[in-house]
Amino acid sequence: MSPVAIDEVCAVAIAEAFRGDGEILCNPIGTTPIIGGRLARATFEPDMVMTDTISVLAANTLPVGDPDAERLVEAWMPYRDIFDVVWSGRRHIVMGASQIDARGNQNLAAIGDWRKPKAQLLGLRGAPGNLVNHATTYWVPNHSTRTFVPEVDVVSGPGYDRVAGLSAAVRDSHEIRRVVSNLGVFDFANDEKRMQLVSVHPDVTVDHVVEATGFELVVGDEVGQTRLPTDEELRLIREVIDPHGLRKAEFGS
Amino acid sequence: MTEDDVVAQLESGMTIGIGGWGSRRKPMSLVRAIARSNLEDLTIVTYGGPDVGVLCALGKVRRAVYGFVSLDSIPLEPHFRNARQQATIEFTELDEGAFYLGLLAAAHRVPFYPTRAGLGSDMLTMNPELRTVASPYPDEGGDHEELVAIPAFRLDAALVHMNRADAAGNGQFLGPDLYFDDLFAKAASRTYLSCEKVVPTENLLDEGTVHTLKIPRIFVDGVVEAPRGAHFTECPPDYGRDEAFQREYAATARDPEAWEAFREYYVEAPSHDEYLARVDARSDEGRES
């Protein structure tokens with residue numbers, strides 16, 4: 001088997017974010033997150049349900065980016081019904097972040113002043129509702145001081161400081177499970193709820209991560225290395241979930 | 001009715017809801033009829049796609065109210081992006097689920113629906129007119145939870161595109177997702193429904209089950225037969241998205257001259273039939289339909 005590539009490490013790191021979720025809607029957005037989610041369900045989280053990214057829940061492991069793949073349909077899930085799941089809390093989403101800060105505030109909306117943005121991005125999308133209802137993981141394929149910033153220009157998905165003063169219902173539902181970047185894995189599992197480095201990917205140093213981050217990262221004494229995919233995970237990624245290597249596009253290769 | 005008959009019943013300054021979702025089953029023949037009319041100063045309420053982009057690029061839009069504006073295979077609608085970056089439109093950008101509640105409140109004729117979506121985010125900063133409301137019921141801790149009150153979208157008119165309908169206005173979707181078209185119809189004072197094909201009422205169950213008959217005629221005020229009326233957006237199972245045409249449309253956002261030519265030739269084609277003839281006359285090179 002050919003050597004493990006960074007995109008495969010990232011897919012496994014995203015899969016790991018779903019560990020322990022059980023019977024919920026696993027709802028990753030984007031190629032690498034979808035590979036991670038489908039990998040988690042195909043291995044250690046078989047009870048999760050997943051969409052075909054169109055309008056049904058498919059019980060089989062679908063190849064990414066193939067709208068014609070045969071589906072084992074287990075439920076109809078048109079777009080409107082997604083909100084019933086969001087508001088039920090039984091969902092864990094993986095979203096991108098054009099900017100993210102130390103408290104987990106995410107910006108997908110705009111760069112600059114939102115009244116007349118320098119760059120209009122995707123918008124708030126579903127981030128405001130997602131964050132106050134269920135678990136969220138962020139995927140940032142281009143870790144730099146431009147993406148990991150001291151302050152985001154617009155808060156699409158609120159971080160821990162923004163929800164601290166809100167209702168118990170909101171605080172109980174709000175969880176930023178992980179942030180996975182092309183350099184490492186991060187979480188907020190400390191008393192201050194600040195972003196901390198959990199592990200670095202192979203061939204990445206802690207110093208490199210710190211330099212590429214535009215705010216003070218919490219770095220413990222023991223930073224591990226992100227775990228490598230197992231042979232079975234590599235087989236699933238390469239042969240079943242992403243046989244055409246769509247995951248490579250996000251990594252500039 | 002024709003598209004132009006529908007537009008004759010609309011007025012400048014109206015709030016108009018548009019069904020479909022992104023670049024999917026948009027009533028584009030009706031949108032183009034607005035484009036070639038004198039209507040202006042419109043508030044457009046929609047899960048936006050090229051409807052918003054076209055009308056913004058033509059200066060028809062005073063305010064856009066949306067959960068997003070996307071072309072799906074092109075994540076951000078480029079003409080809408082121009083309008084936002086040049087600040088040529090007012091806008092109400094809402095969480096995608098919060099937007100749904102604005103439609104639902106209008107359909108149910110209540111002033112608002114409460115939600116947690118928006119709390120803690122800049123949705124409230126960007127929309128200072130949004131208010132919160134305290135629950136009249138205490139939670140387990142005795143607190144009265146604060147929620148965002150999403151106001152009802154009062155629509156003067158709604159435009160939706162269905163796969164089939166009968167002449168009385170009973171609408172049928174045959175694709176995988178109705179989106180919110182039934183709610184747009186119920187939220188509006190007047191609803192105009194275009195469809196791929198008008199069929200006799202007794203044939204409404206020929207192609208789909210009873211579950212596909214989601215828009216009853218009591219919510220519909222006019223029917224327009226518009227084959228390929230959603231082009232270039234998708235309208236499954238009748239046809240998919242014309243991706244080549246969509247790419248050509250999107251590219252005009254970077255080139256004012258190209259946009260002028262595209263606008264004149266396609267967007268402002270004098271009728272839907274003439275539009276389709278021009279689309280079909282494009283060289284086969286690069287076509288994908």
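Biologist: What do the numbering and the pLDDT limits mean here?
Modeller: Residues are numbered from 1 along each chain as its sequence is written, while chains are lettered from A and ligands numbered from 1 in the order in which they are written. Since this is a predicted model, local features need pLDDT of at least 70 and side-chain atom pairs count only at pLDDT 80 or more, whereas totals for chains, interfaces and linings use all residues.

Biologist: Switching to chain B, how many helices and strands does it have?
Modeller: Chain B has ten helices and eleven strands. Its radius of gyration, taken over C-alpha atoms, is 19 Å, close to the 19 Å that the globule rule (2.2 Å times the number of residues to the power 0.38) gives for 289 residues, so chain B is as compact as a globular protein of that length.

Biologist: What does the C-alpha trace span?
Modeller: Along its principal axes the C-alpha trace of chain B spans about 70 × 50 × 30 Å.

Biologist: Which domains is chain B divided into?
Modeller: Domain 1 covers 3–94 + 153–200 + 212–275 and domain 2 covers 113–151, with bounds that come from an automatic or database domain assignment. The centres of these two domains of chain B, taken over C-alpha atoms, are separated by 31 Å.

Biologist: In what order do the strands of the open sheet in chain B run?
Modeller: Three strands form that open sheet in the order S5-S7-S6 (chain B), with antiparallel pairing, and two strands pair if DSSP finds at least two bridges between them. The edge strands, each pairing on one side only, are strand S5 (112–115) and strand S6 (131–134) of chain B.

Biologist: How many bridges join S5(B) to S7(B)?
Modeller: Four bridges join S5(B) to strand S7 (residues 146–151) of chain B, and Pro114(B) stands opposite Ala149(B) in S7(B).

How values were computed
Helices (H or I, at least four residues) and strands (E, at least two) are DSSP runs, numbered from the N terminus.
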